[in-house]
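Hi there,

Here is the structure I promised to pass on. Could you open it beside this note and follow along?

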Amino acid sequence: MSETGGVREVKSAARTVELLDLLAARGDRPARLQELADELGVPRSSMYALLQTLIGRGWVRTDVTGSLYGIGIHALLTGTSYLDSDPRVRVVRPYLDEASEALGETIHLARLDGRDVAYLATRESHEYLRTISRVGRRLPAHLGALGKALLAERPDAELPEGPYGAATPHTHTSRCALAADLAEIRARGYSIDREEGVLGIVGFGFALRYDTPAQDAVSCSVPVARLTPEHEERIVAVMREIRAKIEAAAPGSGGAADWR
């Protein structure tokens, strides 16, 4: 049994969290009882009892047949509470608005979570509308501007061995290629994602250095068709200014919880 801070892990609590993580990762693909039992390596009867408990409390939902399971509405309520209570998200939001108004492009705030980045806030471009909000969603860090900006704040020794998963033909799938890109990012001061995560989209990422190493980053995403050299230059200038404003305004740990 694993330990955290000298305290033994509670097996039932760990299993509950693993189940919720699994259901959340499936998105719009509901799971069947046997799939969940097999994935987590628990008896079918134990999985059924756990699911019924979580359904009763709103953390899991099921269809009318009772045979399909998905994440429940309480996950949304808890996630919203996280965003509302985070002091840095509150500080950053007005600057996302400022960047969006200045550039007319999509602006993101994300936080590193293991090997992924989790989207915390987004301001969508009026020229390029997404059908699904990214807030609350995760993306492997090596795929885009946000993740690469944060990986560049860390030593290459922390990079996992490849190969990495590819989202497009432009994705860095080897450790060597990603490390070379991160070296350029450190020298440049910001990251560029040229259709590595989404075809037709270029992103510019800027780590927010109010933590060491940085945990959060902001980015600007723009369709390739609109990205002229002049527009790219303006994006970089505006986003550098936005980063400086955020870092100057971000709350320190004094008088507030220093969340980890």
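Helix α1 covers residues 11–26, and at 1.5 Å a residue its 16 residues should span 22 Å; the end C-alpha atoms are 23 Å apart, which agrees. The expected span is 1.5 Å times one less than the number of residues in the helix. Helices here are DSSP runs of H or I with at least four residues, strands are E runs of at least two, and both are numbered from the N terminus. Before going on, please note that this is a predicted model: local features need pLDDT of at least 70, side-chain atom pairs count only at pLDDT 80 or more, and totals for chains, interfaces and linings use all residues. Residues are numbered from 1 along each chain as its sequence is written, and side-chain values use heavy atoms, with hydrogens and water left out.

Back to α1. Its buried residues are A14, T16, L19, L20, L22, L23 and R26; buried means under 20% relative accessible area, exposed over 50%, and partly exposed in between, with a 1.4 Å probe and protein chains only. These buried residues pack against β3 (31–32), α2 (33–40), α3 (44–56), β4 (60–62) and β5 (68–71), where contact means heavy atoms within 4.5 Å. Just after the helix, G27 takes a positive phi of about 60 degrees.

The other helix I looked at along its length is α8, residues 229–249. With 21 residues at 1.5 Å each, α8 should span 30 Å, and its end C-alpha atoms are 30 Å apart, which agrees. H231, E232, I235, V236, V238, M239, I242, R243 and I246 are its buried residues. An α-helix has 3.6 residues a turn, so residues three or four places apart point the same way. The partners of the buried residues of α8 are α5 (87–103), β6 (106–113), β9 (191–194), β10 (201–208) and β11 (216–223).

That leads to the cores. A nonpolar core is a set of buried Ala, Val, Leu, Ile, Met, Phe, Trp, Tyr and Cys residues joined through side-chain atoms within 4.5 Å. In the largest one, which has 28 residues, V92, L109, F204, V218, I235 and M239 touch the most other members. At least two residues of this core come from each of α5, β6, β7 (116–123), β10, β11 and α8, and α8 gives the largest share, six residues. There is also a second, separate core of 18 residues, with L112, L150, L151 and A217 among them.

Two residues are worth a click. V92 lies in helix α5 and is buried, with a relative accessible area of 0%. Not counting residues up to four places away in sequence, V92 touches L109, L208, Y210, V218 and I246. V92 and E161 are 69 residues apart in sequence and 33 Å apart in space, C-alpha to C-alpha. I107, in strand β6, also counts as buried, at 0% relative accessibility. With residues up to four places away left out, I107 touches L96, A99, S100, A121, T122, R123, S219, C220 and M239.

For contrast, I73 lies in helix α4 (residues 73–85) and counts as exposed, at 55% relative accessibility.

Now the backbone. Most residues other than glycine have a negative phi, and most peptide bonds are trans. Which peptide bonds are cis here? One of them runs from G162 to P163, with omega near 0 degrees; P163 lies in the loop between α6 (145–151) and α7 (175–188). Another runs from T212 to P213, with omega near -5 degrees, and P213 is in the loop between β10 and β11.E195 has a positive phi of about 60 degrees although it is not a glycine. E195 lies in the loop between β9 and β10 and counts as partly exposed, at 22% relative accessibility.

Lastly, the second largest pocket has a volume of about 260 Å³. Of the 13 residues that line this pocket, R115, L151, E158, L159 and P160 are the closest to its centre. The lining divides into eight nonpolar, two polar and three charged residues; Ala, Val, Leu, Ile, Met, Phe, Trp, Tyr, Cys and Pro count as nonpolar, Asp, Glu, Lys and Arg as charged, and the others, Gly among them, as polar. A pocket is an open set of points on a 1 Å grid over the protein atoms alone where a 1.4 Å probe fits, with protein on both sides within 12 Å along at least five of seven lines, and lining residues have an atom within 4 Å of a point. Grid points are joined across faces, edges and corners, and the volume is the space filled by probe spheres set on the points.

Best wishes
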